[in-house]
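I opened my notebook to look up how this chain is put together. Here is the structure, and my entries follow.

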Amino acid sequence: MARTNKKSPTRKHGPGVRAKPASRHRPSRRVLVLVATRKGAWLFHGDTKRKTWRVDGPHFLGHIVNHLVLDPRDGRTLLAAAKTGHLGPTVFRSTNLGKTWKEAGKPPAFKKAPEGEAGRSVDHVFWLSPGHASEPKVWYAGSSPQGLFRSEDGGVTWEGVAGFNENPMREKWTGGPQDATPDGPKMHSILIDPRDKRHMYIGMSSGGVFESADQGTTWAPLNNGCAFPYPVPAPVPEYGHDPHRVALHPLMPDRLYQQNHAGIYRLERKTGAWVRIGKKMPKDVGDIGFPIVLHPRDPKTAWVFPMDGTDVWPRTSPGGKPAVFMTRDAGKSWQRMASGLPKANAYLTVLRQAMTCDGHTPLGLYFGTTTGDVWASANEGKSWSRIAEHLPHIYSVEAATSVP
């Protein structure tokens, strides 16, 4: 399954904030790669050089795990968004890096509908986001169908965010029961402005990108500039778009990037309009895909994993030649990075949560495929190696620094 070492190792930003100088030394802390799949979850503990990996798992074998996230505020708490055969959609919590798990006492659920009215139910919890650094116990969750939930006790109990879940515009925003998103419509990309805990963004497939300035009490669509790939009368509608992944840069919180069903975009918040930066991708590759990853210390650098944007479904690597593409100038140009990846006959699919980076120098990149492989680069994408294979269908890959 994975290459392991013979000896297991011991187990308020703003535009003016500067990144810490890059260290010239090897990483001194180990990397933890969290992999969530259709049939369980795995933790991969890397050594300080990110060359060998110790495998911990499976956890929740046989159950769907859509997202597995380590809390960066304490470095030990894990939350897993799971859908189990007997418990249904729920969240599990571990405070000891996965040694033991406990189910949420009150999982995310929509408010019960009045008698005689049709209600909504959570099919699965899809997305997990730690809250603002000033609120160490706060977490947010996104569900399918699109719902937003908040926990104030570290993920033990969850309440719906009424400003979205009970908003009279919710069904129009999301497309209602007619939404045909594969595997169900979803809320994802729950982003908290590091300068202001009340300022939030969400992404919805479908629905689009929405923004709140009051911690979710009110919302406004933020889709101006995005192409609308579905037949509708002009002009392009304010909502109903299909962002696959949205990312906010921690050092420039007014700069956002988006991998959309209709291309790659960048937003400078003061302009209020998305600009399609994917037009600079090679024409035989295109700019369609699911994930987008930002360099945490460089707001101009991002990576994507493009897939076939034609009628082929599910999406796969164009021509069976998988590659990661990088920009170092905020989308003005793109560079193909495929050293070590299969050269042909590899029709890979990488989902929106299945590509990530660590915080080391040089930066490490990781992605997982629906065919169960995890690929890693310890040099910002210049070369790749496979660190795990034959896992179940991978839904998400997250990287974090583990406690020594």
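First I noted a rule: two strands pair if DSSP finds at least two bridges between them. Strands (E, at least two residues) are DSSP runs, numbered from the N terminus.

I wrote down that this is a predicted model, where local features need pLDDT of at least 70, side-chain atom pairs count only at pLDDT 80 or more, and totals for chains, interfaces and linings use all residues. Residues are numbered from 1 along each chain as its sequence is written, and side-chain values use heavy atoms, with hydrogens and water left out.

Next I looked up strand E2. Five bridges join E2 to strand E3 (residues 53–59), and the two run antiparallel. Leu43 has Asp56 as its bridge partner in E3. Six residues lie between E2 and E3 in their hairpin, and Arg50 in the turn has a positive phi of about 60°.

I then checked the other neighbour. E1 (residues 31–37) pairs with E2 in the antiparallel sense over six bridges, and a hairpin of two residues joins E1 to E2. Here Leu34 has Leu43 as its bridge partner in E2.

Is E2 buried or exposed? Seven of the seven residues of E2 (residues 40–46) are buried, so the strand is largely enclosed by the rest of the structure. Buried means under 20% relative accessible area, with a 1.4 Å probe and protein chains only. Trp42 and Phe44 are among those pointing one way from E2, while Ala41, Leu43 and His45 point the other way.

Last, I looked at confidence. pLDDT is the predictor's confidence in each residue, from 0 to 100. The chain's mean pLDDT is 90, and 91% of its residues reach 70 or more.

Note on methods
Buried < 20%, exposed > 50% of the residue type's maximum accessible area, 1.4 Å probe, protein only. Helix = DSSP H or I, 4+ residues; strand = E, 2+ residues; numbered from the N terminus.
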